Amino acid sequence: MKLFDVYPLNDITITKGNGSYVWDDKGQEYLDFYGGHAVISIGHTHPHYVHRITEQLNKIGFYSNSIKIPLQVELADKLGKISGKEDYQLFLCNSGAEANENAMKLASFVTGRKKIVAFSKSFHGRTSLAVAATDNEQIVAPVNRTDNITFLPFNDVDSLSIYFSNHGDEVAAVITEGIQGVGGINLASEEFLQAIRALCTQHRAIYIADGVQCGYGRSGKFFSHDYAGVNADIYSMAKGMGNGFPIGGILIAPHIEAKYSMLGTTFGGNHLACAAALAVLEVIENEALLSHAHHMGDYIMQELRNIPELENVRGRGLMIGFDVPAQYKDLRKNLLFKQHIFTGEAKPNVIRLLPALNIQKEDADKLINAIKTELANNNS
Ligand SMILES: Cc1ncc(COP(=O)(O)O)c(C=O)c1O
């Protein structure tokens, strides 16, 4: 049987990882500034993570949500403390798309309304509603198209206010990333997030903060949306949550009441996934990774801004992007194949940096020097 060929692949086979480094089948070492697409939050094969999962697997890996799973309660408790949302409620699932799907569904249940507002350049996942709320026609199948989603310009408070004045009583939810990832590292302004909060409150709509990529400490705060100083009604999470173990979830504000059968999943919140997620939070706490991400991100951005060829360096914490002028279009490819450093991209010309939250200064310096070397090679 062949694999269904949906991914353009780099000709590299990774067989081993440790911290911010991975190795291929030929023994070549690579520095990982991509974090496997913002997923590796505490570094590859972190010893505490490996120990916690192995220990759990030797006890029990899975049983269904029809029995008590104290690990879920422990995870909810720890998540509440570290995120500062102690009075929120936790629903666990398996991926980012599923988290957003459940968030929008829940918003529709509690408001009894159908309309969702999403924004230009957004990415919320590939399940039915999540993909409909994603601003990319190419990945929306005919069956997913719906008039229930309205796209408005990102960071445009006026458009949002006008939309609410005309349709406020139909809006179930507004969904936005705090920092757009796939869209190219675009920061939601504090004013914009505050306006979403105010308009949702005024019109009894639900503010959904998509923290799948920008959340879980990546920005230097637990949720990048927190920089605006207002709370969302629902936060979605996934990527960094399990450091590669598939787990997602939503944090749900106390005013939203649960009813039996409203949401559900077979695999979500299983023993092994909870052990992985707890290990991640324990490392985030023990290694003070929120403040580390904040400081290391500032350092990297400052170093990048000193490189004159790079344009529009932006980001927060360890979610960083910059534009690469057309004449240096092979920079990312050369970083990978000549300097052996993984980075991310966003079309058409953005390099995205999404390393593990415990990346070290010497690794940051390695990246900066490699960029300088490749730009100099290109100029010569
Ligand atoms: C902001 C955001 N939301 C949702 C998703 C979907 O997550 P998943 O691929 O785990 O379904 C992604 C994935 O890149 C994302 O970046």
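At what angle do helix α6 and helix α7 pack, and how far apart are their axes? In this predicted model, α6 (residues 157–167) and α7 (residues 190–202) pack at an angle of about 10°. Their axes are 10 Å apart. Angles under 35 degrees count as roughly parallel, so α6 is roughly parallel to α7. On the α6 side, the contact involves Val 157, Leu 160, Ser 161 and Phe 164. These residues meet Glu 191, Phe 192, Ala 195, Ile 196 and Leu 199 of α7. By class, the contact of α6 with α7 has seven nonpolar residues, one polar and one charged.

Helix α7 also holds Arg 197. Arg 197 counts as buried because 20 C-beta neighbours lie inside 10 Å. Residues up to four places away in sequence aside, Arg 197 touches Tyr 207 and Val 230. Arg 197 and Lys 16 are 181 residues apart along the chain. Their C-alpha atoms are separated by 44 Å.

The crossing of α2 past α8 is right-handed. From α2, the contact draws on His 48, Tyr 49, Arg 52, Ile 53, Gln 56 and Leu 57. Their partners in α8 are His 271, Leu 272, Ala 275, Ala 276, Leu 278, Ala 279, Val 280, Glu 282 and Val 283. Ten nonpolar, three polar and two charged residues make up the contact of α2 with α8.

Phe 245 lies in the loop between β11 (234–237) and β12 (248–252). Its contacts, leaving aside neighbours within four places in sequence, are Ala 273 and Ala 276. Ala 276 is also among the α8 residues that meet α2. Phe 245 is partly exposed because 18 other C-beta atoms lie within 10 Å, whereas a buried residue needs 20 or more. The C-alpha atoms of Phe 245 and Ala 141 are separated by 28 Å. These two residues are 104 apart along the chain.

The domain assignment of the protein gives two parts: domain 1 (14–42 + 288–379) and domain 2 (47–286). Their centres, taken over C-alpha atoms, are 26 Å apart. Across the boundary, 23 residues of domain 1 are in contact with 25 residues of domain 2. Several elements each supply at least two residues of the domain 1 side: α1 (35–38), α9 (289–305), β13 (311–316), β14 (319–323) and β17 (350–353). The largest share, five residues, comes from α9. The side of domain 1 that touches domain 2 has 13 nonpolar, seven polar and three charged residues.

Helix α9 also packs with α11 (residues 361–379). The axes of α9 and α11 come within 11 Å and cross at roughly 20°. This angle makes α9 roughly parallel to α11. α9 passes α11 in a right-handed crossing. Met 296, Tyr 299, Ile 300 and Glu 303 form the α9 part of the contact. Lys 361, Ala 364 and Ile 368 form the α11 part. The residues of the contact of α9 with α11 comprise five nonpolar, no polar and two charged.

Terms used:
Residues numbered from 1 in each chain as written. Predicted model: local features only at pLDDT ≥ 70, side-chain atom pairs only at ≥ 80, totals over all residues. Domains from an automatic or database assignment. Contact = placed C-beta atoms within 7 Å. Helix = DSSP H or I, 4+ residues; strand = E, 2+ residues; numbered from the N terminus. Nonpolar A, V, L, I, M, F, W, Y, C, P; charged D, E, K, R; others polar. Buried ≥ 20, exposed ≤ 12 C-beta atoms within 10 Å, placed from the backbone. Axes fitted to C-alpha atoms, helices over the stretch in contact; angles between N-to-C directions. Parallel < 35°, antiparallel > 145°, perpendicular 65-115°, else oblique. Left-handed = near helix turned anticlockwise from the far one by under 90°.
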